[in-house]
Amino acid sequence: MFLLYNLLLTILSPLWVPWMLWRSWRREEKPNWQERVGNYKLPSKGGKKSIWFHAVSVGEVIAAKPILKELRKQLPEYEVVLSVTTSSGHQAARESEPGLFDHLVYFPIDIARFQFTAMQRVRPKAVVVMETELWMNYLWAAKTFKARTILVNGRISDRSFPRSMKIRFFYRALLKDLDRALMQTELDEERIRALGATSTQVLGNCKFDQALEGLDADPREWRERLGISVGDPVLVVGSTRGEAEEELVLAAIRGLDMPNLKVVHAPRHIESVPALCERVKREQGGAALRSRGETGNYLVVDTYGELAKIYSIADVVIIGGGFENLGGQNIVQPLAHGKPVIHGPHMQNFRDPTSMADKAGAAICCSTAEELKASLRELFSNSEKRAQMGRAAQSLVRGNVGASYRYAKAIAHEVSEF
């Protein structure tokens, strides 16, 4: 299977190479192509051991932070090399608090020679991958250098599992090089075992720990920063993806008849901001941009790392990614702030926290613009319901923290035992 995989990569390169170049060209910040082919320029470790921790983009980098913090406590003598795939993930890592990692690099394209070259230069004691980032040549190169291979915060979505089962023979070959699969839920564990993993364990969802990081935000301070008066109702729209979702949200906001309503809208991808601003201009008469320090009734957040704290000023939160069939976005952050959340029906990438929030009465699912508008009207007119949902949200998050410690402990055990 290893040879077949690499043969297919070669044969299909006229398709995936232009696609990858086009994707990177669309981004404002271009990746380091020397690193993407495995040519890392890392200083001498001075005899230190290292751990290679791989995230993908902004979401995985943010989710990884509490695990990296725990790793620093449990393995202070180890260097941590953090790799990302996207330029937005690279920026999010650069702008995170210092001390979480020693070196930041771009993940090599999954070509055997590139992965071997990169692994030769890092020579980690263990490679740790977040959630779903399983690459055959990466795991092969890690085992070639006798590194332990560990999946943390692992999940397999409702959408991807049936497709993966159809090529189970491929996953069996891939997963033979994975030493530990540490999963979010029992269902995720069942699914990865069905695909061929052998050493599995359920340790929870580290996003509950990560959500606690924005709780030091002072709502009064953030209202002042964003030019929002005390007493004005605030709707925060987090991580919408694509034109259809944005149109749905704008349609719901249209006609709410709340002249003092302030909307703070943070799309999932910053490159979509110009198109969003055009739509807001047509609907609302104009949009203010956070990067320019502007204020207004409709503020578009085109900066990194602020959304977790902006949730502190919300009266109601809309979470995107689920109104279209895109898997949803992180619902846990606003729940940690004790905010009532409205989401779409397609939240399979955050299946369990969303289901728990719905059952606890902390969140509402809406499928259409009309349903969303009705829910917004109800919540903004009923402060007691908002407070009740907020209390349920905070209780839910407090009852599910601690996974990051367990993941770091499992990683420490792996590197100390082998």
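Reader: Why is phenylalanine 170 called buried?

Author: The model is a predicted one, in which local features need pLDDT of at least 70, side-chain atom pairs count only at pLDDT 80 or more, and totals for chains, interfaces and linings use all residues. Side-chain values use heavy atoms, without hydrogens and water, and residues are numbered from 1 along each chain as its sequence is written. Buried means under 20% relative accessible area, exposed over 50%, and partly exposed in between (1.4 Å probe, protein chains only); phenylalanine 170 has 17% relative accessibility, so it counts as buried.

Reader: What makes leucine 12 partly exposed?

Author: Its relative accessibility is 41%, and therefore leucine 12 falls into the partly exposed class.

Reader: How many aromatic pairs are there, and by which rule?

Author: Rings of Phe, Tyr and Trp (its six-membered ring) pair if their centres lie within 6.5 Å, with planes under 30 degrees apart called stacked, over 60 edge-to-face and the rest tilted; the count comes to 9 aromatic pairs. One of them joins tyrosine 5 and phenylalanine 170, and at 5.9 Å centre to centre and 35° between the planes this pair is tilted.

Reader: Why is tyrosine 5 called buried?

Author: The relative accessible area of tyrosine 5 is 13%, so this residue is buried.

Reader: What makes the pair of tryptophan 52 and tyrosine 138 edge-to-face?

Author: The planes of tryptophan 52 and tyrosine 138 stand at 70°, with 5.1 Å centre to centre, and the pair is edge-to-face. Tryptophan 52 lies in strand β1 (residues 50–54) and tyrosine 138 in helix α7 (residues 136–144), so the pair ties together parts 86 residues apart in sequence.

Note on methods: Helix = DSSP H or I, 4+ residues; strand = E, 2+ residues; numbered from the N terminus.
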